[in-house]
Amino acid sequence: MPTERKRLTDAVVAGLPVPMLPPGEPASRLGVYVVDVFDTEQDGLYVRLSPAGSRVFYLRYWSRTLRKARRIRLGAFPDLSVKQARAQARKHAGDVAGDVDPLTTRDAKREATVLAQREAAAALTVDGLTKLYLTHAEGRIRASTAALYRTLHRVHITEPLGALRADAVTVADVAALHRRMIDTKTAANQVRRLLSTLYRYAEKQHLIPRGTNPAADVAPYPEEAAERYLRDDELAAALRALDRAERDGIPPAPVRQRSHERRNKGRRIGDAAKAKHRPKSADRPVRANPTAVAALRLLILTGARKQEVLRLRWREIDLAQGLLQLDDTKTGASVRPLSPEAIAVLKAQPRIVGSPWVFPSVRDPRKPLSDVARLWAAVCHAAGLEHVRVHDIRHTAASLMLQAGATLPEVGKAIGHASARATERYAKMDDRGAKSAATKLGAIVTAAAAQSAPMATPITRPRKARHVG
């Protein structure tokens, strides 16, 4: 192994030439062609140069206890400077002079740390593991995902498993919880995924042994995609109801009426009753908030996710180029094209001084509009539509773009999908394209049959005589 001696400095180490791997040598031989450059100022300190480009500081010393030469890794350059490497080398050299082996000391500390982690894990409950993971994951996962995890844990996991030791939970425990949630398969699968995530984290942190994830062997339930899209006539009815909500008002949907309105509906209330006990707007048309109406229109015209529209900021809009430049979406930063109709909606939206939001809250313009679900429910009720969620607007937009002849990559770019595969499911939501293709095939075959010569009469062959006897 080639060695050199130099007075090491940061500039010298950075300028040392990297050894070359001979032609034809496989990458597995990188470790053979290293070069060690020893420091002339500190005995035993050297930097190892690898053909891969790494520069790592080591200290070579003689262990009088073990009666052999040993080396200890100090750190990689430039994360560790030459000055810091010398300081570590001097400290270890002092330990060696006192018959203390640095490697033995380091290994003992590591073993003690692992043992302490194992002892802490023995007292760690599932509730504690969840709290530990969420603290670790802060900033690594989206705030909405963390909120979902907290809800799933509080509602479904705390009572049956929360007080159990994390390393005592078995596959049978997770399977039993999963079976009890069979009526809510989506939630059951979410709980299973959360438990699996928690235990994968615990394995990486050495809180439990590898391969002991109790959720790994629990099979998820097959889920049916809850997808709904609006037909052309349904979309027209919804748009008419939305216009009426803004112009004249529409009554709220029964499922969205406030609890006291549902409770008092149909009940005779005297004049002397307090106003708070009277039905406020059970059947009376209520004019919609124009900001919520505009947000719904933009959802329909863009196919964007609900929170992408509700939390849209003015600085994310480029009307000159007709683009939305969203800073943070489910798939990261995203640029979306805008149609002339969508641009018109945005131009008509008034700006409020001091508010960065395109669709601010009526009560506090410093905050974004919280939701449009109540207005959308009223629109669907007025239009005679059932089981249509706000997110189904996105499904409808994607399906309509595909029907209009847009390609899967084009639709995915327009609505902010990370890959075309995520957009493919929308192509299955409307079978009119497939039906049209099948109709065309039938017409082609029929035309070809009409142009062809009549089929010859098949020849009837006599049956072979049967021999008897």
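His 387 sits in the loop between α13 (373–383) and α14 (392–403). This is a predicted model. His 387 has a positive phi of about 55°, although it is not a glycine. That is worth a second look, because most residues other than glycine have a negative phi. The points below cover the backbone, then a set of strands, then one serine.

- His 387 counts as exposed, because its relative accessibility is 70% and the cut-off for exposed is over 50%.
- His 206 also has a positive phi, of about 60°, and is not a glycine.
- His 206 is found in the loop between α7 (185–204) and α8 (232–247).
- Is His 206 buried, partly exposed or exposed? His 206 has a relative accessibility of 39%, so it counts as partly exposed. The reason is that partly exposed covers values between the buried cut-off, under 20%, and the exposed cut-off, over 50%.

- Most peptide bonds are trans.
- Which residues does a cis peptide bond join here? The cis bond joins Phe 77 and Pro 78, with omega at about 10°.
- Pro 78 belongs to the loop between β5 (68–76) and α2 (82–97).

- Strand β6 covers residues 317–318, and strand β7 covers residues 323–326.
- β6 and β7 run antiparallel and are joined by two bridges.
- Ile 317 has Leu 324 in β7 as its bridge partner.
- β6 and β7 form a hairpin, with four residues between them.
- Gly 322 is in the turn of this hairpin and has a positive phi of about 70°.
- β7 also pairs with strand β8 (residues 334–337). How many bridges join β7 to β8? Four bridges join them, and these strands run antiparallel.
- Leu 323 stands opposite Pro 337 in β8.

**A closer look at Ser 334**

- Ser 334 lies in strand β8.
- Ser 334 counts as buried, because its relative accessibility is 11% and the cut-off for buried is under 20%.
- The side chains of Ser 334 and Arg 336 are joined by a polar contact of 2.7 Å.
- Which residues does Ser 334 contact, leaving aside its neighbours within four places in sequence? They are Leu 324, Gln 325, Leu 326, Thr 329 and Gly 416.
- One of these contacts, Leu 324, is also the bridge partner of Ile 317.

Terms used. Residues are numbered from 1 along each chain as its sequence is written. This is a predicted model: local features need pLDDT of at least 70, side-chain atom pairs count only at pLDDT 80 or more; totals for chains, interfaces and linings use all residues. Side-chain values use heavy atoms; hydrogens and water are left out. Buried means under 20% relative accessible area, exposed over 50%, partly exposed in between (1.4 Å probe, protein chains only). Two strands pair if DSSP finds at least two bridges between them. A polar contact is a pair of N or O atoms within 3.5 Å; within protein, one must be able to donate a hydrogen and the other to accept it, and residues adjacent in sequence count only if both atoms are side-chain atoms. Contact means heavy atoms within 4.5 Å.
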